[in-house]
Structures are given as structure tokens and as C-alpha cells.
Amino acid sequence: MEQIQFAPSRRSTVGIEWELALVDSDSGDLRQVAQTVLDAVAGPLGEEHPHIKQELLLNTVEIVTGVCDTVGEATADLGRSIESLRPILDPLRVELMCAGTHPFARWTQQKVTDKQRYATLIDRTQWWGRQMLIYGVHIHVGIEERDKVLPISRALMTHYGHLQALSASSPFWGGQDTGYASNRALMFQQLPTAGLPFQFDTWSELERYVADMLKTGVIDVFDEIRWDIRPSPKFGTIEVRVCDGIPTMAELASIAALTQCLVEYYSRELDAGRATPALPSWFTQENKWRAARYGMETILILDADGEEDLVATDLAERVLPMLEPVAADLGCRAELWGVREIMDVGASYQRQRAVAGRHGGALDAVVRSLVAEMRAGRPLEGEL
């Protein structure tokens, strides 16, 4: 059986990976210039930039942080990477934009990065793999003991709907309104090993699963398990991959703070000898679909008894008050408070639809609004 070594890390440290679209300043369509950007930021011997990374498609770059103690430190790290990209992008008339999907770009026109692992992915997944014109955010939180990883991961699954609804930013696909708050969530799960994780009780069960996947050729390395929430053994973290692409730094900080606080809260519950919550897999699956479809209007299933509440009500009345003392200890009270601001101004999918409505359904106006929000670092609904 495959032995998976978990490298413990400093408790509740945070790291963020942010996938960004490269869009044309004039048309708003995607530009295939990632390699030009990566070449410009490469080291003197052509080595990859430590914080600006290659992605599947040539219309995308990913910026990543180092290991940070606070959310504020992480967002400052991301901000420095964005500032370093502007002098490269501005002469190309290219802007940065983030959302779960581009509102009108066509997947058939996108070019795949020339790298063997991407070619292998596309060769295996074919039509579904070519359609992965999507953007997401991955948030890592440090775990100091391997035995905490699975119970905390199961507890985080009870908050799947909160994270999906707050970050939902992909209502449009190929120029049409899908009727979903997050079309990305349902697109991405079509890939092998993507989507909701198996909720294992023991580390040996995870090891058995990985061994089976390796033996049967489903994966070649652990990182090809693309679950929405997964252990990251080499970093010593739980990696939360639920979120759509998040358009602004302010929203990113708030959702990262929510994630960090949830992990620390449940770590403390384990320290105190208390059981962490879990949901039956059928309720978790339903919550994912509901949050992808309805966003902030989702009626979440809260527990194994099938009790329900509106996602916004549950956040405001139960989850955020529960986490406020943790946020004070982690130095992210202001960022966590920003979750309430997202609920006040509307999640990105709501703002995008509002912009489209004001412009007669013109989706280039939606792209302009997303570009402006990225520049401003905060939602601009009502100000454009």
C-alpha cells in the first residue's frame, strides 16, 4: 500500500494560489500571451518566477504566495506580484481579470500550454478537458499534526455551500447566462478525480485509495487528485479548492480569512477533545449543487438531521459569530468582517448580472467591470 508522508507545517499558516485571466484591453476577449509574460519575469537563467506560474491555458497566469502567518501578509504578497506584472502587460494592452469563467470567450479558440503534463491531460480527457476554460482560487492552511487532517477536512465540507456561494462568479458561459451562480463548479467536476472528495475516516484509507489510483493508472502523482478539498502532504496543509475565481483582493482576503478561521476553529475543537461535524455524502453533494445553482439564495442542509437555513442567514447568525474570537487571535478580524460586506454588495455573479442588465445584456460590459474591480481591489457595483 502507498505510504503517504505528511510534512507537518506551522499551524494555521496560509498560502493562496490565484488564477488570473489575461484579457485584451480593447475587446475584452482572452489573449494567449502567458508565455510572453512568463518569459519576461523569468530569472537570469530562465528559471521560473517563484510567485508567477504557468497554467493549463495560454490565456492564464497563476500568482502564488509564500507561506504566510496572516491573511494580510498573503494579500500583500499577491499585491506585489500583480504590481510586477503591470509593466509587462500594459504595453501589450492586456489586463488582468478574475472570475470563475470568462463571460463570452469560446473554449474552442484557446491554446493549451506546450508542456507534457498538460498534453497528457487533454489527450485523456478530450472534449471535457478542452472545455476547462475556468479559473479558481486555492487556499492552503497549515496543519501541525497529520491526525487532524481528515477530521478537519470533513468539518470543512459542512461549510462547502458557504464558500461556494460567497465566491460564485461564473454565471456566464460562451456568451450565455447559464442560470447558475457557479457554472465552473459543475464544469470542473467532469475531470477524473475532480469534484467532491471521499470522506475517509483514517489515513490508511486515503493511502489505500491513492495506491489503487496509482496501480490502475488513474493518476501518476498525488497532485493529480483534484478534489475540492484535499490534503496537500508535501506542504503540510489542507488545500481548499472550492472557490470560483475571485475578482478582487478585498473579497479574496475575506474568503481566505473565513477559510483560515474555520480550519483553526476545528483544530481547537480537536484539541479540546470534541468531535468535529460531518455531513452524509448525499447531503454534501446536494449542497454543492444548490450553492452552484442558487449562490447566496441557497437553502443549505446544515446537519445529518436535514435541518436547513439560508446560506446568508447561517453565515450572519451562526458561522461568523462563532469565528470572531478565532479571527482576533489570527489577526484577520477586518478581513473576516468583509464577508458581511460581500453579502451586502452582492457576490460577483450577482454583480455581473446587474452590469449585464444595465447594458442590455452586453457581456463586454461585464468584462470591463471585472477588469475595473481587479484594478480597484474591491467590488464596484453601483459605482461604474
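Is Cys98 buried or exposed? Cys98 is buried, with a relative accessible area of 0%; buried means under 20% relative accessible area, exposed over 50% and partly exposed in between, using a 1.4 Å probe and protein chains only.

Before going on, a word on the model: it is predicted, so local features need pLDDT of at least 70 and side-chain atom pairs count only at pLDDT 80 or more, while totals for chains, interfaces and linings use all residues. Residues are numbered from 1 along each chain as its sequence is written, and side-chain values use heavy atoms, with hydrogens and water left out.

**Cysteines**

A disulfide is a covalent bond between the sulfur atoms of two cysteines. Here it is taken as a pair of cysteine sulfur atoms within 2.5 Å, and a search of the whole structure turns up zero of them. Here's how two of the cysteines look:

| Cysteine | Closest cysteine sulfur | Distance | Relative accessible area |
|---|---|---|---|
| Cys98 | Cys243 | 10 Å | 0% |
| Cys332 | Cys261 | 3.5 Å | 0% |

For Cys98, that distance is too far for a bond. Cys332 is in no disulfide either.

**The cores**

A nonpolar core is a set of buried Ala, Val, Leu, Ile, Met, Phe, Trp, Tyr and Cys residues joined through side-chain atoms within 4.5 Å. The largest one here has 89 residues, and Trp18, Leu85, Leu258, Leu323 and Leu336 have the most contacts inside it. Helix H8 (residues 249–271) gives the most to this core, with 12 residues. Helices (H or I, at least four residues) and strands (E, at least two) are DSSP runs, numbered from the N terminus. Another core lies apart from it, with 29 residues, among them Ala99, Leu133, Ile134 and Leu370.

Contact means heavy atoms within 4.5 Å. Leaving aside neighbours within four places in sequence, Leu336 touches residues including Leu258, Cys261 and Leu323.

**H5 against H8**

Helix H5 (residues 160–167) packs with H8 at an angle of about 175 degrees, and their axes are 11 Å apart. Axes are lines fitted to C-alpha atoms, for helices over the stretch in contact, with angles from 0 to 180 degrees between N-to-C directions. That makes H5 roughly antiparallel to H8, since angles over 145 degrees count that way, under 35 as roughly parallel, 65 to 115 as roughly perpendicular and the rest as oblique. Leu163, Leu166 and Ser167 in H5 meet Ile255, Leu258 and Thr259 in H8.

**Val23**

Val23 sits in strand S1 (residues 14–24) and is buried, at 1% relative accessible area.
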